[in-house]
Amino acid sequence: MAHPDREGKAWLLEQKSQRGRRQPVWRAFDGMPQVSRGSGYNGGMDDEALLRYSRQIMLPEINFEGQQRLADSHALIIGLGGLGSPVALYLAAAGVGRLTLVDDDRVDLSNLQRQIVHDSSRIGQAKVDSAAARLREINPLCAVEPLARRLDDAEMAERVAAADLVLDCSDNFATRFLVNRCCHASRTPLVSGAAIRWEGQLAVFRYGEGEACYRCIYPEDGTEDLRCSENGVAAPLVGLVGAMQAIEAFKILSGAGESPRNRLLLIDTLHPQWRELKLRPDPHCPVCGEG
Ligand SMILES: [Zn+2]
């Protein structure tokens, strides 16, 4: 290795020396206090994986068990544009074991201002192939499956049911409603993000008792899509919302923390402000209610 990660190596040695003890202690380093680590389980990871993920395995909420859960998990990312870019980059880098990428579009010069998984050398390529190549460079441990087509209802249902979690990074209501229907049917958690101009929103749907779904909030009345191509979008905003989606997915897949329940988070970046809307399930919702 050209630049040995000394802190990481020290940490790795520490983990090895602790292996097998009943009550190992997480040694202070990077100025962190000592924390009891519970079991000596190391997730069966090899040294390279331990080093690669050391900075998040250190988080008591992740630990080896959480890292192993990430490695065993499969996320479906719908759309590899402005939101899908940071989502895919962070989830691959963090060690999600399998990512399925869906997008029927190709990389265009006008995308590169904000769709940071792509670059100038990949203009004209299918977005899923461009993204897959980049993700494999970042983390060869992540299995990436590119699907360069729009999924019909049946295949979407099948792909959603096969995943542990879905990230909706699409730019149109037809896809958003379809993804929500499929996620509700198979009770697959959905992390939904949207961004236009200077404003973004985020919601997590887990389809539990008393929880609203995406269709409870938005009427399926032919409301026109607000697309970046017609309205413009501030580049860092999609990074912000996409990173929020990535962290919600990261928590669900690793088992850390909690999800925002029945809450729609809204951000205005032009006049900086976070707001939150409380959501209520609609008893007449055609997806999750009585119709
Ligand atoms: Zn609903």
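**Notebook: helix pair, sheet and core**

I began with two helices and saw that α5 passes α11 in a right-handed crossing. Right-handed here has the near helix turned clockwise from the far one by less than a right angle, and left-handed has it anticlockwise. Helices (H or I, at least four residues) and strands (E, at least two) are DSSP runs, numbered from the N terminus.

The model is predicted, with local features needing pLDDT of at least 70 and side-chain atom pairs counting only at pLDDT 80 or more, while totals for chains, interfaces and linings use all residues. Residues are numbered from 1 along each chain as its sequence is written.

**Entry 1: overview**

I looked up the totals and found eleven helices and ten strands. Of the protein's 291 residues, 39% count as buried. For me, buried means 20 or more other C-beta atoms within 10 Å of the residue's own, exposed means 12 or fewer, and partly exposed lies in between, with C-beta atoms placed from the backbone. I also checked contacts with a separation of 6 or more: 65% of them join residues 24 or more positions apart. A contact has the two C-beta atoms, placed from the backbone, within 7 Å.

**Entry 2: α5 against α11**

How do helices α5 and α11 pack? I found an angle of about 40 degrees between α5 (residues 84–94) and α11 (residues 235–254), and axes 7 Å apart. These axes are lines fitted to C-alpha atoms, for helices over the stretch in contact, and the angles run from 0 to 180 degrees between N-to-C directions.

I then listed who meets whom: from α5 come S85, P86, V87, Y90, L91 and A94, and from α11 come G239, G242, A243, Q245, A246, A249 and F250. Sorted by class, this contact holds nine nonpolar, four polar and no charged residues. The classes put Ala, Val, Leu, Ile, Met, Phe, Trp, Tyr, Cys and Pro as nonpolar, Asp, Glu, Lys and Arg as charged, and the others, Gly among them, as polar.

Is α5 enclosed or open to the outside? Nine of its eleven residues are buried, so α5 is largely enclosed by the rest of the structure. Among the buried ones I noted G84, P86, V87, L89 and L91.

I followed L91 next. Beyond four places in sequence, L91 touches A75, V96, L99, A246, A249 and F250. L91 turns up again in the largest nonpolar core, which has 63 residues: A75, I77, A88, L91 and L99 touch the most other members. The largest share of this core, nine residues, comes from α11. A core here is a set of buried Ala, Val, Leu, Ile, Met, Phe, Trp, Tyr and Cys residues joined through C-beta atoms within 7 Å.

**Entry 3: the sheet**

I traced an open sheet of eight strands with mixed pairing, in the order β5-β4-β3-β6-β7-β8-β9-β10. Strands β5 (143–147) and β10 stand at the edges with a single partner each, so one side of each lacks a neighbour in the sheet. On average, neighbouring strands of this sheet are turned by 15 degrees against each other, direction ignored. Pairing takes at least two DSSP bridges between two strands.

Inside the sheet, β3 and β4 pair in the parallel sense over five bridges, and L76 has T100 as its bridge partner in β4. I see β3 (residues 74–78) mostly covered, with four of its five residues buried.

Strands β6 (residues 165–168) and β7 (residues 190–196) run parallel, joined by three bridges. In β7, S192 stands opposite D168. Helix α6 (residues 127–138) packs on the sheet, touching β4 (98–102) and β5, and its direction makes about 170 degrees with that of β5.

**Entry 4: β7 and L190**

Seven of the seven residues of β7 are buried. I sorted their directions: L190, S192, A194 and I196 point one way, V191, G193 and A195 the other.

I zoomed in on L190, which is buried with 25 other C-beta atoms within 10 Å. Setting aside neighbours within four places in sequence, its contacts are V166, D168, V179, N180, C183, F205 and Y214. L190 and D168 are 22 residues apart along the chain, and their C-alpha atoms are separated by 7.1 Å.

**Entry 5: a contrast**

Last, I checked G291, in the segment after β10 (273–278). G291 is exposed, with 8 other C-beta atoms within 10 Å. Not counting residues up to four places away, G291 touches H284 and P286.
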